[in-house]
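Subject: The structure to look at

Hi,

Here is the structure I promised to pass on to you. Please open it next to this email and follow along as you read.

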Amino acid sequence: MASTLKVDTIAHTGGTSAMTIDSSGNTDMKGFVTKDKPVVWQVSRTSSINAGNVWVTNRVIIDTSSAVNTTSGRFIAPVTGYYYTQFTWLSPSNTTLTDVHIQVAADGATDYKRIRNQGHGNHVTASGHRIVHLDAGDYLEVYVSSGTVYGDTNAWTTWSGYLIG
């Protein structure tokens with residue numbers, strides 16, 4: 001026999017919330033990872049971008065939760081949790097030094113993780129990653145602080161991430 005229970009929150013008699021279900025059907029159980037729909041994104045850019053700019057995607061490869069804003073370049077956390085994010089990029093030449101920051105912004109505060117590349121050959125590939133806690137509505141963005149991040153239709157430069165839980 002099947003039953004339907006229509007509630008938004010299941011709570012302890014003392015008032016502590018044990019489970020919340022939002023209007024999209026996402027669940028949040030304290031102490032458990034119960035995300036039925038994964039939060040995963042991978043995006044690229046088909047043109048280069050110079051220092052002093054936020055790296056804004058113009059090509060979405062995957063975005064399961066529609067959390068990447070292609071106008072601002074931000075990933076906006078759809079749910080609270082820990083996220084893994086990485087940025088892999090190609091320099092425009094073998095002599096160019098590029099600094100990139102993965103920026104986390106939450107509650108008006110900003111935290112940067114600096115990643116630098118330097119190398120040899122025709123181009124230099126570099127990658128950096130971090131694990132961050134985001135509340136729903138907090139955002140991540142990639143900021144090019146020096147040099148140039150190369151971009152073309154081959155998606156050499158990508159930004160990706162996923163919800164750990």
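A155 sits in the loop that runs between β14 (148–149) and β15. Its backbone is worth a look: A155 has a positive phi of about 55° although it is not a glycine. Is A155 buried or exposed? With 19% relative accessibility, A155 counts as buried, because the cut-off for buried is under 20%.

Before you go further, please keep in mind that this is a predicted model.

You will find S66 in the loop between β7 and β8. S66 has 65% relative accessibility, so S66 counts as exposed.

Now to the strands. Five strands make up an open sheet, in the order β7-β4-β15-β9-β12, and their pairing is antiparallel. Which strands are at the edges? They are β7 (59–63) and β12 (125–134), each of which pairs on one side only. On average, neighbouring strands in this sheet are turned by 10° against each other, direction ignored.

You can walk through the sheet pair by pair. Start with β4 and β7, which pair in the antiparallel sense over four bridges. In this pair, Q42 stands opposite I62 of β7. Next, β4 and β15 are joined by five bridges and run antiparallel. Here W41 has G161 in β15 as its bridge partner. Then comes β9 (residues 81–90), which is joined to β15 (residues 158–163) by six bridges, again with the strands running antiparallel.

Q86 belongs to strand β9 and stands opposite S160 in β15. How far apart are Q86 and S160 in sequence and in space? They are separated by 74 residues in sequence, while their C-alpha atoms are 5.5 Å apart in space. As for accessibility, Q86 has a value of 23%, so Q86 counts as partly exposed.

Strand β13 (139–146) has pairings to look at too. Two bridges join β13 to strand β6 (residues 53–54), and the two run antiparallel. In that pairing, N53 stands opposite V144 of β13. β13 also pairs with β8 in the antiparallel sense, over two bridges. There, the bridge partner of F75 is L140 in β13.

F75 turns up again when you look at the nonpolar side chains. The largest nonpolar core has 22 residues, and F75 is among those with the most contacts inside it, together with W41, W55, Y83 and W159. Which strands supply at least two residues each to this core? They are β4 (40–44), β9, β12, β13 and β15.

Next, the charged residues. How many salt bridges does the structure hold? It holds one salt bridge. The partners are E141 and R74, with their closest N and O atoms 3.2 Å apart. Because E141 lies in strand β13 and R74 lies in the loop between β7 and β8 (75–76), this pair ties together parts that are 67 residues apart in sequence. E141 has 6% relative accessibility and so counts as buried. R74, at 27% relative accessibility, counts as partly exposed.

Finally, have a look at D138, which is in the loop between β12 and β13. D138 is buried but has no salt bridge. How far away is the nearest side chain of opposite charge? That side chain belongs to R74 and is 10 Å away. What does the side chain of D138 reach instead? It reaches the backbone nitrogen of D135, at 2.9 Å.

Happy exploring, and do write back with any questions!

Best wishes

How values were computed:
Residues are numbered from 1 along each chain as its sequence is written. This is a predicted model: local features need pLDDT of at least 70, side-chain atom pairs count only at pLDDT 80 or more; totals for chains, interfaces and linings use all residues. Side-chain values use heavy atoms; hydrogens and water are left out. Two strands pair if DSSP finds at least two bridges between them. Axes are lines fitted to C-alpha atoms, for helices over the stretch in contact, and angles run from 0 to 180 degrees between N-to-C directions. Buried means under 20% relative accessible area, exposed over 50%, partly exposed in between (1.4 Å probe, protein chains only). Lys and Arg count as positive and Asp and Glu as negative; His and the chain ends are not counted. A salt bridge is a side-chain nitrogen of Lys or Arg within 4 Å of a carboxyl oxygen of Asp or Glu. A polar contact is a pair of N or O atoms within 3.5 Å; within protein, one must be able to donate a hydrogen and the other to accept it, and residues adjacent in sequence count only if both atoms are side-chain atoms. A nonpolar core is a set of buried Ala, Val, Leu, Ile, Met, Phe, Trp, Tyr and Cys residues joined through side-chain atoms within 4.5 Å.
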